[in-house]
Amino acid sequence: MTRHFTGGCACGAIRYEASGEPIFQNHCQCLDCQKRSGTGHCSYVTFGRRADVKITGEPSTWRMIADSGNEKAQAFCPTCGTPVCVTFVAMPEVTAIQATSLDDPGQFDPQAVTYTVRGHVWDTIDPALQPFERMPG
């Protein structure tokens, strides 16, 4: 059975549908995610095929150099500012959707915590999740 994920921004101007099995679900504690979220981490549902994620509306994007040294593009709603997804120049097929933007955030099933080297003691995350100091290969 194909899984189906829907979601979007807070004001509804940006919507997405994603189908298929995510290739990775994680909490990320890198500095970029901390700054974007205003807290200690962001949470992502990542899909390995760009064709599996359909976005409607016109998100704005900004590009940055990630903690890894690779370029990534952050997509967000230009009206309400909600972060929606991240794409990666080095991996053009991969799209990481913000788990908090899902219509049903209960679909998020984290497998790991990445960039624990940047984590804070006050940002407590399930200790049963596999930790990675950086992004796994």
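Me: Which residue stands opposite Ser43 in β4?

Reply: This is a predicted model, in which local features need pLDDT of at least 70 and side-chain atom pairs count only at pLDDT 80 or more, while totals for chains, interfaces and linings use all residues. Residues are numbered from 1 along each chain as its sequence is written, and side-chain values use heavy atoms, with hydrogens and water left out. Strands are DSSP runs (E, at least two residues) numbered from the N terminus, and two of them pair if DSSP finds at least two bridges between them. Strand β3 (residues 24-28) pairs with β4 in the antiparallel sense over five bridges, and the residue opposite Ser43 in β4 is His27.

Me: In what order do the eight strands of the open sheet stand?

Reply: Strands of a sheet pair through backbone hydrogen bonds, either parallel or antiparallel. Here the pairing is mixed, and the open sheet of eight strands has the order β6-β7-β8-β9-β4-β3-β10-β11.

Me: Which strands stand at the edges of this sheet?

Reply: A strand at the edge has a single partner strand, so one side of it is left without a neighbour in the sheet. The two strands placed in this way are β6 (60-65) and β11 (130-131).

Me: Which residue of β9 is the bridge partner of Thr46?

Reply: Strand β4 (residues 42-47) runs antiparallel to strand β9 (residues 91-98), and four bridges join them. Tyr44 stands opposite Gln98 in β9, whereas the bridge partner of Thr46 in β9 is Ala96.

Me: Is Asp52 buried or exposed?

Reply: Asp52 lies in the loop between β4 and β5 (53-56), and, leaving aside residues up to four places away in sequence, Asp52 touches Glu17, Ala18 and Ser19, where contact means heavy atoms within 4.5 Å. Because its relative accessibility is 17%, Asp52 counts as buried.

Me: Which residue takes a positive phi in the hairpin of β7 and β8?

Reply: Strand β7 (residues 71-76) and strand β8 (residues 83-88) run antiparallel and are joined by five bridges, with Phe76 having Pro83 in β8 as its bridge partner. Six residues lie between the strands of this hairpin, and the residue with a positive phi, near 85°, is Gly81.

Definitions and conventions: Buried < 20%, exposed > 50% of the residue type's maximum accessible area, 1.4 Å probe, protein only.
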